[in-house]
Amino acid sequence: MRFCIYNDSAEISKESIQKIEQALDGFVESDVPLAVEFIFVDEAEIQRLNRTLRQTDKVTDVLSFPTLDNIKGKSLRQKDYPFDIDESGNLMIGSIAVCIKRAKQQAEEYGHSFERELHYLLIHGILHCLGYDHMTDEDKAEMREKEENILKKLG
């Protein structure tokens with residue numbers, strides 16, 4: 001399985017995109033490359049999205065917008081999602097919006113680099129697009145383990 005990340009922002013380098021794609025290689029069994037879109041927004045926009053789509057009127061760090069349902073842990077086959085294949089032949093799994101200001105604040109709060117925080121938020125969002133969640137303690141532990149394994153591959 002190959003991962004393709006769509007990004008038109010200077011907030012993340014092409015090298016970081018490539019590293020994330022490589023770290024995700026083989027994470028999901030698939031006969032089609034998987035694609036996700038990264039969108040970087042300000043505090044007002046992330047709050048608007050959060051309020052409109054989640055009925056939570058506050059700034060947050062990351063929001064995920066999965067396009068496929070019930071795919072966690074499943075093998076993804078092109079024939080099962082004919083209407084979700086993009087013009088490049090990739091299976092679109094969703095979009096991820098990141099609030100840059102909040103990510104910078106969190107990096108400072110946690111004492112690590114902005115790049116590390118951004119990688120974490122993007123991996124977190126991708127896992128949501130792949131069906132992972134953290135609503136229960138069991139789900140949270142599973143998702144954290146997946147995040148850490150992917151982040152280790154990033155170095």
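Modeller: Cys129 is buried, with a relative accessible area of 0%; buried denotes under 20% relative accessible area, exposed over 50%, and partly exposed the range in between, with a 1.4 Å probe and protein chains only. Cys99 is likewise buried, and its relative accessible area is 0%. The model is a predicted one, in which local features need pLDDT of at least 70 and side-chain atom pairs count only at pLDDT 80 or more, whereas totals for chains, interfaces and linings use all residues. Residues are numbered from 1 along each chain as its sequence is written, and side-chain values use heavy atoms, with hydrogens and water left out.

A disulfide is a covalent bond between the sulfur atoms of two cysteines; here the term is applied to a pair of cysteine sulfur atoms within 2.5 Å. Across the whole structure, the search finds zero disulfides. For Cys99, the closest cysteine sulfur belongs to Cys129 and lies 18 Å away, so the separation is too far for a bond.

Turning to the backbone, Gln55 has a positive phi of about 55°, although Gln55 is not a glycine. Its place is the loop between helix H2 (43-54) and strand E3 (62-66); helices (H or I, at least four residues) and strands (E, at least two) are DSSP runs, numbered from the N terminus. Gln55 is exposed, with a relative accessible area of 63%.

Asn70, another residue other than glycine, has a positive phi near 55°. This residue lies in the loop between E3 and strand E4 (91-99). Asn70 is exposed, at a relative accessible area of 67%.
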